Amino acid sequence: MTRTIDRLDRTAAPPARPGWRRTLGPDLGASLVVFLVALPLCVGVAVASGVPAELGIVTGIVGGIVVGLLPGSTMQVSGPAAGLTVLVADAVAKHGLAALGLIVLGAGLLQILLGALRCGTLFRAISPAVVQGMLAGIGLVLILGQLYPLLGGRQPVGTWDKIAGLPGLLGSALTTTPGLSALAVGALTLVVLTQWRRAPKRLRVVPGVLVGVVTSAVVALLAGLDVQRIQVGDLLREIQLPDFSLLDAGILGSALVFALVSSAESLFSAAAVDRMHSGPRTRYNPELIAQGVGNTLCGLLGALPMTAVIVRSAANVQAGARTRAARVLHGVWLLLFVALLPGLLAYLPTAVLAALLVHAGWKLLGVRGVAAMLRADRAEGAILLLTAGLILATDLLTGTLAGLLAAVLKTAWDVSHLSVQVTPHGPEDEVVVLRGNATFLRLPRLLAVLEGLPLTKHVRLDLRGLRHLDQACEQAIEHWAARHQATGLDVEVVKE
């Protein structure tokens with residue numbers, strides 16, 4: 001019996017990989033779904049970032065065709081991300097639109113360098129509280145900013161101005177014709193977008209994003225609503241080479257921030273997408289290099305930065321994609337659309353795109369996840385709230401760095417936590433039990449307890465509850481024991 005099994009195992013042919021004829025149909029269908037999801041998001045992210053809509057589509061094309069062909073991930077789809085709108089808007093406000101290409105180019109080159117140095121996996125070593133706080137903070141900023149175009153108002157520059165202007169914005173939306181029109185199409189978009197999952201299964205093949213956008217745009221057009229619409233120009237006219245004369249310390253700092261944030265978002269997305277399918281896993285360092293190549297090209301074209309986007313990637317997986325051909329083809333459809341039908345974008349009301357981004361911001365905020373973390377660990381929840389709050393109050397870099405610092409301090413506290421319990425054992429004996437981690441950070445407290453013990457008693461020092469005893473604490477205990485024994489009293493140190 002054993003010989004028969006061995007012979008069968010040796011002669012059995014390896015499972016055949018599906019050929020391109022088998023995968024072309026599923027990949028083609030998935031690419032169309034991703035294209036229909038990506039098109040309004042590319043335009044919406046660009047408008048929210050304060051740059052021409054065409055630049056968002058350029059980034060989507062590069063993310064599909066160029067990054068899609070490169071190794072790293074199979075199912076991830078790259079393009080302009082809602083999470084980067086805060087960074088881009090801030091960079092454009094500080095340095096001007098002409099400097100955006102230079103910043104994105106620098107970020108791409110840094111990503112290539114980090115990937116070549118095999119730093120891709122390091123982005124996974126970050127506190128979940130900081131990650132969730134960063135996403136929540138970006139979501140809050142995105143929602144706060146997009147409420148203005150959603151309600152037909154003009155968006156103020158500063159965060160506090162946006163908050164202070166909300167009552168006036170709401171009043172204008174409810175009392176003026178442009179405000180009511182924008183509110184109507186925006187609300188219709190959100191309703192369709194959120195309720196499309198209740199539609200019959202055969203209809204849900206069409207993405208909810210597309211249904212919401214098309215329905216609202218058609219209603220606005222047929223009803224003749226007075227709403228602001230997307231301004232579309234010539235794609236080639238908006239492309240511009242980076243101006244290296246603008247290079248300074250501020251540009252380099254922005255490039256570093258872009259590189260770190262976009263890399264982190266891409267690799268966090270990779271971890272999530274890998275859990276959605278059973279195909280090849282993401283190779284983090286090649287994926288980081290691929291993202292760097294894409295951002296380098298986007299920088300040379302003066303376009304928006306890119307990341308791997310979880311919304312498009314999830315749509316790609318759920319639509320049945322088999323290979324990377326699906327994401328490449330979605331880029332081809334984007335290119336053909338702007339080449340053949342660019343005028344259709346001019347029918348899109350800005351309130352519709354704002355509704356898409358408010359919905360994206362709400363998902364980034366992740367209220368349920370925030371509540372769960374607050375219930376599970378108050379300290380981690382505090383780090384989350386600190387990170388999100390500072391991102392909202394200041395900027396993304398300040399909030400994220402503060403969150404990382406708080407996470408490091410919390411870890412240092414946890415690692416150095418030491419419990420010292422003193423229990424009298426009869427009139428002449430004292431028992432001291434140490435638990436936790438005895439590090440130099442807790443040395444002052446440990447010495448204060450030991451030196452406070454009466455010199456007239458025998459002491460039993462129990463170290464069996466320690467997970468770690470560093471050299472500083474060990475030497476301090478030995479010196480204290482020697483001094484105590486010099487008075488003629490016994491000190492018993494129990495280590496095992």
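1. Let us start with V317, which sits in helix α14, spanning residues 310–318. Please keep in mind from here on that this is a predicted model. V317 has a relative accessibility of 16%, and because buried means under 20%, V317 counts as buried. Leaving aside residues up to four places away in sequence, V317 touches M75, V273, M276 and H277. For a sense of scale, V317 and L469 are separated by 152 residues in sequence, and their C-alpha atoms lie 49 Å apart in space.

2. Is S254 buried or exposed? With a relative accessible area of 15%, S254 is buried. When residues up to four places away in sequence are not counted, S254 touches H95 and I103.

3. Which residues touch the most other members of the largest nonpolar core? They are V51, I57 and F258, in a core of 71 residues. Helix α2, residues 20–49, gives the largest share of this core, with nine residues. There is also a second, separate core of 19 residues, and V432, L434, L463 and A481 are among them. As general background, nonpolar side chains tend to be buried together in soluble globular proteins.

4. R118 lies in the loop between α5 (100–116) and α6 (128–150). Its relative accessible area is 61%, and R118 is therefore exposed, the cut-off being over 50%. The backbone deserves a glance too: R118 has a positive phi of about 60°, although it is not a glycine.

5. Now for two helix pairs. In general, two packed helices are described by the angle between their axes and the distance between the axes. Take α17 (residues 367–376) and α18 (residues 378–393): their axes come within 6 Å and cross at roughly 140°. That angle makes α17 oblique to α18. The crossing of this pair is left-handed. On the α17 side, V370, M373, L374 and A376 make the contact, while α18 brings R378, E380, G381, L384 and L385. Sorted by class, this contact of α17 with α18 holds six nonpolar, one polar and two charged residues.

6. The other pair is α20 (residues 443–451) and α21 (residues 471–486), whose axes come within 11 Å and cross at roughly 15°. How are α20 and α21 oriented to each other, roughly parallel or roughly antiparallel? Angles under 35 degrees count as roughly parallel, and α20 and α21 are therefore roughly parallel to each other. The crossing of α20 with α21 is right-handed. From α20, the residues L443, L446, L447, L450 and E451 meet A472, C473, A476, I477, W480 and R483 of α21. By class, the contact of α20 with α21 has nine nonpolar, no polar and two charged residues.

Terms used. Residues numbered from 1 in each chain as written. Predicted model: local features only at pLDDT ≥ 70, side-chain atom pairs only at ≥ 80, totals over all residues. Heavy atoms only, no water. Axes fitted to C-alpha atoms, helices over the stretch in contact; angles between N-to-C directions. Helix = DSSP H or I, 4+ residues; strand = E, 2+ residues; numbered from the N terminus. Parallel < 35°, antiparallel > 145°, perpendicular 65-115°, else oblique. Left-handed = near helix turned anticlockwise from the far one by under 90°. Contact = heavy atoms within 4.5 Å. Nonpolar A, V, L, I, M, F, W, Y, C, P; charged D, E, K, R; others polar. Buried < 20%, exposed > 50% of the residue type's maximum accessible area, 1.4 Å probe, protein only. Core = buried A, V, L, I, M, F, W, Y, C linked by side-chain atoms within 4.5 Å.
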